Amino acid sequence: MIRKSVIIILIALLCLMAVRCRSSSLPEQEEETAEEREELIVVGFSQLGAESDWRSANTESMRSTFTAENGYQLIFEDGQQKQANQIMAIRTFIQQEVDYIVLAPVTETGWDTVLQEAKDAGIPVIIVDRMVNVSDDSLFTCWIGSDFELEGKKAAEWLNQYTLAKGLNPSDLHIVNIQGTIGASAQIGRTKGLADAARANGWDLLAEATGDFTQAKGKEVMESLLKKYSNINVVYCENDNEALGAIEAIEAAGKRAGSDIAGGEIMVISFDGVNKEALGYVLEDKITCIAECNPLHGPRVRTVIELLEEGKQPDKFSYVSEKIFSADETVMTLMVDGTECQVTILTGNPSY
Ligand code: AHR
């Protein structure tokens, strides 16, 4: 019996020695990397999709910010425009016990349940870009993004100032709105900005139809609007990709995109200012005015996480300040909501 116990102890000792030899034979570099990995802050990012150049710039901003060199591990999930995919991604992040969840929501509503799950798991949620519309604001830590209604108001006021300066009668403006994804904050705010201005100024708002923020849908929608209405002279596109598609449709119909409404051109107004071709079109007067929407949220989200890591409380809502671009110098200043806003006159491409 004693002999048997001695043999067991000896075997155990040999196993222990073997394990120690294995770990000390790991190259030093590898051991350090493993240790470092332990300290990385893990961020799960649910991006809504890849519908536009703005979205690609936004994804790139997050990817280049949340790197291992900066102390982060980024888990990226593309929702492919489907809220169900984004909800699934958040549930996976919760199971993975990430340190922070960042959500760029496709639409505003329908987040209460899954955000409650994240809150119950004690994981802070940072909303970025579009808003969520939830019954209880404590379901998310904070939001960073654009004032989409202000963007819409600026674009509409630019149109108002411009057409007044050119002596056009407001009731002679026949406008179509190619909207973004219905239910997304960017669509809701920009659509409201135009609709309110149309009512206030007496413009003829002929139609609103969604182009889903894509070039292909923008083209398709503009083709059918041109067939339906022969008097369109302004197209308000809720992003640059839709504007590119609308211009393709205008030119295919044998018409011209440009600011000379009295001369029979169709004025194109747009949002973002990220796509290089769209910015080039501003210089060519094919797009007359772009209200900026800034996509570079990566560093902004990082600042929030750093504050939280220090135990501080970030602002609940942080609005990014944005410009309005044109190559035409007719309108240099706008008054929107009692605030003066300078028009940025493009002579070359601003680059993101
Ligand atoms: O939510 C921001 C909007 O989403 C951008 O204007 C658009 O291009 C994107 O797809």
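**A walk from a loop to the ligand**

Asp337 sits in the loop that connects β13 (333–336) with β14 (339–342); strands (E, at least two residues) and helices (H or I, at least four) are DSSP runs, numbered from the N terminus. This is a predicted model, in which local features need pLDDT of at least 70 and side-chain atom pairs count only at pLDDT 80 or more, while totals for chains, interfaces and linings use all residues. Residues are numbered from 1 along each chain as its sequence is written, and side-chain values use heavy atoms, with hydrogens and water left out.

Most residues other than glycine have a negative phi. Asp337 has a positive phi near 50° and is not a glycine. With 54% relative accessibility, Asp337 counts as exposed; exposed means over 50% relative accessible area, buried means under 20%, and partly exposed lies in between (1.4 Å probe, protein chains only). Asp285 is another residue with a positive phi, about 70°, that is not a glycine. Asp285 belongs to the loop between α10 and β10 (289–292), and is partly exposed at a relative accessible area of 25%.

Next come the strands. Strand β3 (residues 100–103) is covered on both faces: Tyr100 and Val102 are buried on one side, and Ile101 and Leu103 are buried on the other. In a regular strand the side chains alternate between the two faces of the sheet. Strand β1 (residues 41–47) runs parallel to β3 and is joined to it by four bridges; two strands pair if DSSP finds at least two bridges between them. Val43 has Tyr100 of β3 as its bridge partner. Strand β4 (residues 125–128) is also parallel to β3, with three bridges between them, and Ile101 stands opposite Val125 in β4. From β3 the chain passes through helix α5 (residues 112–120) to β4 in a right-handed β-α-β crossover; right-handed means that, with the strands pointing away from the viewer, the path from the first strand over the helix to the second runs clockwise.

An open sheet of seven strands has the order β7-β6-β8-β9-β10-β12-β15, with mixed pairing. Its edge strands, β7 and β15 (344–345), each pair on one side only. Strand β12 (residues 324–326) runs parallel to β15 and is joined to it by two bridges, and Ser326 has Ile345 as its bridge partner in β15.

The largest nonpolar core holds 29 residues, and Met222, Ile232, Val235, Val268 and Ile287 have the most contacts inside it. Such a core is a set of buried Ala, Val, Leu, Ile, Met, Phe, Trp, Tyr and Cys residues joined through side-chain atoms within 4.5 Å. Elements that give two or more residues to this core include β6 (174–179), β7 (204–210) and α8 (215–228), and α9 gives the most, with six residues. Beyond its neighbours within four places in sequence, Val235 is in contact (heavy atoms within 4.5 Å) with residues including Val176, Ile178, Met222 and Ile250. A second, separate core of 25 residues includes Met267, Leu334, Cys341 and Val343.

The last stop is the ligand. Asp272 has a polar side-chain atom 2.6 Å from an oxygen atom of the ligand. For Asp129 a polar side-chain atom lies 2.9 Å from an oxygen atom of the ligand, and for Arg130 a polar side-chain atom lies 2.9 Å from an oxygen atom of the ligand.

Conventions:
A polar contact is a pair of N or O atoms within 3.5 Å; within protein, one must be able to donate a hydrogen and the other to accept it, and residues adjacent in sequence count only if both atoms are side-chain atoms.
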